Amino acid sequence: PTTTMLILLAASNGKNLDLARQVAALCTELGIEHDLMDVVGLGWPLYTRDEHERGTPADFDAVAKRFHRATAYFAFAPEYNGSVPPALTSLVAWLSVADDDFRSLFNGMPAVLASHSGGGGTRGLTCLRIQLAHLGCDVLGREFLCNHAKGLNEDAAREVLERLGKG
């Protein structure tokens, strides 16, 4: 793809989904094509070998196509017990075992990380950074940590989005 297609991955259906919606509005303002994915709202089962043997989720092909269209990711994940939310880890697991071209979904893909978390979010984003880098993503150094007292720095978010928009 020659134009930017940013997937906004909301790994919770609370404050991080709200944060993703805020960034989606900035994408619209900047003319950046985007796809807001509520990972929890997919309703996929937790990935296990037994679940895989029962078959992939009914909408797996449609979700995989959304990932194949992407040119960058912006993940919004709260810190769950010092790590990554299970819904996001499970989504990645499903893609890794059930997509025929899994590596193309991550190799060289720019990724931005953000968290709205009561626990600070740093540990969770560190774990997510390690996971995405392991899969081949180019995870940007700038990340966004938000909580009830500190909202999104929209100027910094615009700057990152504009960088992604230039390809």
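**Where two helices cross**

Reply: Let's start with helix α3 (residues 60-69) and helix α4 (residues 86-98), which pack at an angle of about 95° with their axes 11 Å apart. Helices here are DSSP runs of H or I of at least four residues, strands are E runs of at least two, and both are numbered from the N terminus. Axes are lines fitted to C-alpha atoms, for helices over the stretch in contact, and angles run from 0 to 180 degrees between N-to-C directions. That makes α3 and α4 roughly perpendicular to each other (65 to 115 degrees; under 35 counts as roughly parallel, over 145 as roughly antiparallel and the rest as oblique).

On the α3 side, the contact is made by Phe 60, Val 63, Ala 64 and Phe 67, and α4 brings Leu 91, Trp 94, Leu 95 and Ala 98; contact means heavy atoms within 4.5 Å. Sorted by type, the residues of this contact are eight nonpolar, no polar and no charged (Ala, Val, Leu, Ile, Met, Phe, Trp, Tyr, Cys and Pro count as nonpolar, Asp, Glu, Lys and Arg as charged, and the others, Gly among them, as polar).

A word on the ground rules: this is a predicted model, where local features need pLDDT of at least 70 and side-chain atom pairs count only at pLDDT 80 or more, while totals for chains, interfaces and linings use all residues. Residues are numbered from 1 along each chain as its sequence is written, and side-chain values use heavy atoms, with hydrogens and water left out.

Staying with α4, Ser 90 is found in this helix and counts as buried at 7% relative accessibility (buried is under 20% relative accessible area, exposed over 50%, partly exposed in between, with a 1.4 Å probe and protein chains only). Not counting residues up to four places away in sequence, Ser 90 touches Pro 45, Leu 46 and Tyr 47.

Back to Phe 67: ring pairs link it with Tyr 73, Phe 102 and Phe 106 into a cluster. Rings of Phe, Tyr and Trp (its six-membered ring) pair if their centres lie within 6.5 Å, with planes under 30 degrees apart counted as stacked, over 60 as edge-to-face and the rest as tilted. Searching the whole structure turns up seven aromatic pairs. Among them is the tilted pair of Phe 102 and Phe 106, at 5.2 Å centre to centre and 55° between the planes. Phe 102 counts as buried at 10% relative accessibility, and so does Phe 106 at 2%.

Tyr 73 takes us into the sheet, as its bridge partner in β4 is Ala 111. Ala 75 stands opposite Leu 113 in β4. Strand β3 (residues 72-76) and β4 pair in the parallel sense over four bridges; two strands pair if DSSP finds at least two bridges between them. Six of the seven residues of β4 (residues 110-116) are buried, so this strand is largely enclosed by the rest of the structure.

The open sheet has five strands in the order β2-β1-β3-β4-β5, with parallel pairing. β2 (33-38) and β5 (138-146) stand at the edges with a single partner strand each, so one side of each is left without a neighbour in the sheet. From one strand to the next, the twist averages 15°.
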